[in-house]
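Keep the sequence and the model side by side as you read. We will go from strand to strand, then to the core and the ligand.

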Amino acid sequence: MPMLIEVPASSGADIASGAEDRRHMSEQRQRYDYRYREPVEPDWRRFPGWWDVTAAQWRDPQWQRAHCVKNVRQLRATTGDLLDDAFFADLTLDQERSATMSLLLPPHILNTMVPDHVWDTDRLYADPVRRYMLPVASDRHPRWPSHPYATRDSLHEAEMWVREGLTHRYPTKVLAEVVSTCPQYCGHCTRMDLVGPSTPQVTKYRFALKPADRLTGMIEYLRATPGVRDVVVSGGDVANLPWPRLEEFLDRLLEIDSVRDIRLASKALAGLPQHWLGDDVRAGMARVAGVARRRGVGLAVHTHVNAVQQVTPLVAEAARAMLEAGVRDVRNQGVLMDGVNATRQALLDLCFGLLDGAGITPYYFYLCDMIPQSEHWRLSLAEAQRLQDSIMGYLPGFATPRLVCDVPYAGKRWVHQVTDYDRETGISRWTPSFDTTAAGTPEQACHYYDPLHTLPESGRRHWLTATGDDLTPALSAHS
Ligand code: SF4
């Protein structure tokens, strides 16, 4: 672990950051003009493979799941001759050499890329949804694709499993990974260690227990641990657990007196809204929400939207269906990513789109976690702090998202809560406020690291010296 470096007052890092700060202050004073925009469903018939797909088929979750794009061949079949061969070669190279997640794109997600035009190669390359859902080799940083301290399971969640798949990191909250698959796979997935099929570069960890035994183990732990009041039911994506099994698990959770908040994590609300609009799911959610209401338990849905063009009428309808079913709130937890949403304009557009267009509350934006191959997406802590400053005062307070760093062991911290931050090496240190293990919280591990390409030359030299130019993180072992 490199030591924090003392930075002299007149170092290059200070001069560079001073200039950056002045540029930022001048940007900050530029206006953001709010306009209400009605969400629009892009026309899927612009894709040669879907020119004859009816509105009823498009709305059918089974049709969506059966027509997911899972490989380069299927993308070609869908897009016909709209894209250059070079794009497919770029995608193939990424899948073979870099991707930590498999391809899995429901038609609904593909349709939100380049939403206003018939696809062409240049527009697709530049598209923010494409940049994180369909990454290609040329997106990755050519010199530093991974930070030397990037790891699988970068948040050490499996280390904090108290039962298989049940992470007890915070004093009063747990994360229950009830399923290890999703209806869609995001290129930057923080649970790349576990979620989805293996890729040529990443052999995924597999749960050992049978699903029913795993869920029972979680319930038994929660019954025996009354200090836990808040359960995030996640995965993967809960949309991939058959509804009867999810409902049964939720019913068992709701029988535990000490459980007072349940949050269901589903990116599918935005990626496959058809799932949440299904009659069985809506009726089931209404039953569960009724029990939760009678017991005074807060039931909410958390989704994951990173670009305003993903807020379509179908997504809005799915979010409102959940509110009508009786959940207390639908909230968004996005991820800050360069080229996707890392400007004030993009973040405010997204937050207003969620709030006004779909009744979804902007809640968190995370700094992208330190998984391998993520450097081109990641921002420095300083950039995240500036973004947080820049969006203040536009949204209602209850819908002003917190920009957070998910610090290994210490948990989520607002980006201004850092204890020490060395702008030259990009190392930030955070102070834990609780113990995550019986042996205490390993304070020396509570760090976040800025991407190397955002550091001044002296900072980059530090890392090359510290690592002996070996900047390759281990991908093979489950940590
Ligand atoms: S939906 Fe969530 S768990 Fe699934 S791949 Fe995306 S980020 Fe990972």
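Start with H302. Its bridge partner in β7 is R331. Strands here are DSSP runs of E, at least two residues long, and helices are runs of H or I, at least four residues long, both numbered from the N terminus. Residues are numbered from 1 along each chain as its sequence is written. This is a predicted model, in which local features need pLDDT of at least 70 and side-chain atom pairs count only at pLDDT 80 or more, while totals for chains, interfaces and linings use all residues.

β6 (residues 298–303) and β7 (residues 329–336) pair in the parallel sense over four bridges. Two strands count as paired if DSSP finds at least two bridges between them. Strand β5 (residues 261–265) also runs parallel to β6, joined by five bridges. Here R263 has A300 in β6 as its bridge partner. Move on to strand β4 (residues 230–234). Four bridges join β4 to β5, again parallel. D230 stands opposite D261 in β5.

Are these strands buried or exposed? In β6, five of the six residues are buried. In β5, four of the five are buried, so β5 is largely enclosed by the rest of the structure. A residue is buried if 20 or more other C-beta atoms lie within 10 Å of its own, exposed if 12 or fewer, and partly exposed in between; C-beta atoms are placed from the backbone.

Now look for the largest nonpolar core. It has 115 residues, and I262, M322 and L336 touch the most other members. Such a core is a set of buried Ala, Val, Leu, Ile, Met, Phe, Trp, Tyr and Cys residues joined through C-beta atoms within 7 Å. Helix α14 (residues 313–325) gives the most to this core, with eight residues. Domain 1 (44–139) and domain 2 (158–415) both contribute residues, so the core lies between them. The domain bounds come from an automatic or database domain assignment.

Next, find the open sheet of three strands. Its order is β11-β12-β13, and the pairing is antiparallel. β11 (420–422) and β13 (447–449) stand at the edges with a single partner strand each, so one side of each has no neighbour in the sheet. β12 (residues 427–429) and β13 pair over three bridges. S428 has Y448 in β13 as its bridge partner.

Finish at the ligand. Among the residues surrounding the ligand are C182, D237, K267 and H304; a residue is near a molecule if its C-beta atom, placed from the backbone, lies within 6 Å of it.
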